[in-house]
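Let's take a friendly walk through one protein model and see how its side chains meet. Have the picture open beside you as you read.

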Amino acid sequence: LDVSMDTWNFFYTCLVSLWLHRFYIYSAVAFGISIWIVIQFTTTKTKKKVTEHGEKYNGNPASSEGIEDKLVNGYATLQAKEVYVAGVKIFYGSQTGTAKRFAKGLAEAVISLNLPVEVISMGDYDPDDCLSEETTSRNICVFLVATYTDGQPTESAAWFCKWLEEAANDFRFGKTYLKGLRYAVFGLGNSVYVDHYNTVGRNIDRWLWMLSASRIMTRAEGDCNVAQSKHGSIEADFEAWRAKFLSRLQALCRGERKPCSGKCKKGKCKSPGKQSKESSDHEHGASEYENTEAEELFETSSEEEADAEEAGGTNSVIDVEDLGDIMSHMKKAKSGLDSRVGGGMYHPFPRLSRNPIRTRILAAQGGYKLIGSHSGVKLCRWTKSMLRGRGGCYKHTFYGIESHRCMEATPSLACANKCVFCWRHHTNPVGTEWRWKMDQPEMILQEAIENHQNMIKQFKGVSGVKADRFEEAMTAKHCALSLVGEPIMYPEINRFVKLLHQHSISSFLVTNAQFPDEIRNLEPVTQLYVSVDASTKESLKRIDRPLFKDFWQRFLDSLKALSEKQQRTVYRLTLVKAWNVDELKAYADLISLGKPDFIEVKGVTYCGESSASNLTMANVPWHEEVVHFVQELADLIPDYEIACEHEHSNCLLIAHKKFKINGEWCTWINYDRFQELVQEHERSGGSKTFTAADYAARTPLWALFGSRERGFDPLDVRYQRKNKARDISGC
């Protein structure tokens, strides 16, 4: 009790003391509040002065280099504001010097805004190395491009445009490859040439958009035709656009996002007066997209991509402005031409060239050139890579081909399968027998070589291209008959192969194992492939989706026919995770049936989403998973061992032990010796035969499985593309 009384007395004394001194306590609190108010007032006033000083110093209210102060332990500290625009890069492609002159004039105007600026000739710039860096640089990229003869880019801009077009249409880059890059386009043209007016500017604008770059303002077009120019001359057109660009640039520097006060939706400005006659004067007769795009398009959004996906598939490479017309024409064409003919034959286009819609789709889908009515040729990305000393394809590693001298072609766009992983998304015709008008093999080969050389010529003067390899590339030494379709369906395939050999071009022919008789009747080729995409009847039907009802028996007969060949034979296995990777024993049985010299095992290449296939990135095996599969398969086939690896293509090679001579692998090919042997075979009327061992060559150490290089030629320099999280490039 005494303790509790003492505690109470203590608290009572404290309370009485506080009450008696309450005046002093009130005074201390009031003084503290006054000090806080003074500090806040002083801080606000200092911040305002510093901000005004920063804007005045930069001479530009849009400057992103202003500073602000914060109170830290009673002291005002300075901190940089967020940088909205780091600088401006002006790219120009000029033939007569006009675009270059405009670029320099624009640079002077940008400098007056105290922004860093760089003027770049497209001919001196390597987009493959550098353009992706602009996605994070916070620079604004301006493209001043002229349209030259027949709607083509100028010589200095040719490579840049070619690269950009292929990137926009290549699933390997991905549709978000340039997401984050901000750009504006001003095209220079002459409306007298109405069919090609400002084609290059429009194309660059569209390709950048397809790669998810963002327009900061509408594309503008200058007209050399003073009678039709909006402002009386191309110089006046440029001055008008430059004023708008500088105003927009200042707004971006301030961090403003909305470029106008009108009702903007899906990147299209719908302010009163914006959709005027001037947006269509020079585009009368152009497509619907180009007409609407000439409105005030300031910023792209994901809604635009969504609309494009709904219209034509999420990875469509058809031009956006053509999509509506193409689909309507496709429906009409299909309803008028589709027919079923004996044996399940489906041939909507008896002569491919008679259907321009299908022709455009085929050409756009893979970026290749059509030849006649049923053939095509394409420049492989590995050809371009090796031209620049960045490594060759897996065939270079496994068999010693020179990738920069390889021509990828086909004499038949038609195919008897509709494989789920087909990167053409089944835009090529399908059929079980030949029912098209046939072009002669001499014409096909001549045009294939000419088209191939023309595509190679586009690399003249391109940054990084090696002069010696460019000269070598003008003479094709190899032909990969695997571009699209089923080459062996072509009735004159033997004549075509002989013509290749007469031109000293080696032949790598790929077939889908549905034509056993044609395989038996095939003349010697350098290397004959059979695609073995599954090992059971059920999985083959699910993956290849063949048209033949007796597809499985045809498949087995094709493998038996392959075993009868004396030249080099190859199984090509494409692994699709969750589809065909658990059939090791069945694969081993098929290998014993066909007795191939080599077995290529490759992870499936993801080709983007498509209504024709439900594959996703989840179906793409990692390289380590492919290695594990190959090691397990090799254990089941005692006559074979793992010989080579090309990590970059996610591919390995299993070889028969007969190619391991004196402890050294000989998977490479002596191409000169092959040409000698095949010519002797021809001269003897086929009586003098030869085998795969007769033209084998030693495999270099760097190409072997387990090497430090993992299949990359040490004479080249490996290039890793930026903004690429996972390599799904395939071959």
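Glu 676 is partly exposed, with a relative accessible area of 42%. That label covers the range between buried (under 20% relative accessible area) and exposed (over 50%), using a 1.4 Å probe and protein chains only. Its salt-bridge partner is Arg 673, with 3.0 Å from N to O, and Arg 673 is partly exposed too, at 30%. A salt bridge here is a side-chain nitrogen of Lys or Arg within 4 Å of a carboxyl oxygen of Asp or Glu. Both residues belong to helix H22 (residues 671–683), where they are three residues apart, about one turn of the helix. Helices (H or I, at least four residues) and strands (E, at least two) are DSSP runs, numbered from the N terminus.

Before going on, some background: this is a predicted model, in which local features need pLDDT of at least 70, side-chain atom pairs count only at pLDDT 80 or more, and totals for chains, interfaces and linings use all residues. Residues are numbered from 1 along each chain as its sequence is written, and side-chain values use heavy atoms, leaving out hydrogens and water.

**Salt bridges**

How many salt bridges does the structure hold? There are 32. Three of them are set out here:

| Salt bridge | N to O distance |
|---|---|
| Glu 676 and Arg 673 | 3.0 Å |
| Asp 589 and Lys 585 | 3.0 Å |
| Glu 221 and Arg 202 | 2.8 Å |

Asp 589 and Lys 585 are separated by about one helical turn, because they are four residues apart in helix H20 (residues 584–594). Asp 589 is partly exposed at 39%, while Lys 585 is exposed at 53%.

Glu 221 lies in strand E8 (residues 220–223) and Arg 202 in helix H6 (residues 199–210), so their bridge ties together parts that are 19 residues apart in sequence. Through shared partners, Arg 202, Asp 205, Arg 215, Arg 219 and Glu 221 are joined into one salt-bridge network.

**Aromatic rings**

A pair of aromatic rings is described by the distance of the centres and the angle of the planes. Rings of Phe, Tyr and Trp (its six-membered ring) pair if their centres lie within 6.5 Å; planes under 30 degrees apart are stacked, over 60 edge-to-face, and the rest tilted. The whole structure has 27 aromatic pairs. Why does the pair of Phe 102 and Phe 238 count as stacked? The ring planes are at 5°, with centres 4.3 Å apart, so the pair is stacked. Phe 102 sits in helix H3 (residues 98–111) and Phe 238 in helix H7 (residues 234–253), so this pair links distant parts of the chain, 136 residues apart. Phe 102 is buried at 4%, as is Phe 238 at 1%.

Phe 398 and Tyr 399 form an edge-to-face pair, 5.9 Å centre to centre with 80° between the planes. Phe 398 is buried at 0%, and Tyr 399 is buried at 0%. Both belong to a cluster linked by ring pairs, along with Tyr 394, Phe 508, Phe 598, Phe 659 and Tyr 671.

Rings can also meet charges. The charged end of Arg 381 sits over the ring of Trp 382, 4.6 Å from its centre. "Over" requires NZ of Lys or CZ of Arg within 6 Å of the ring centre and within 35 degrees of the ring normal. Likewise, the charged end of Arg 572 sits over the ring of Tyr 529, 5.0 Å from its centre.
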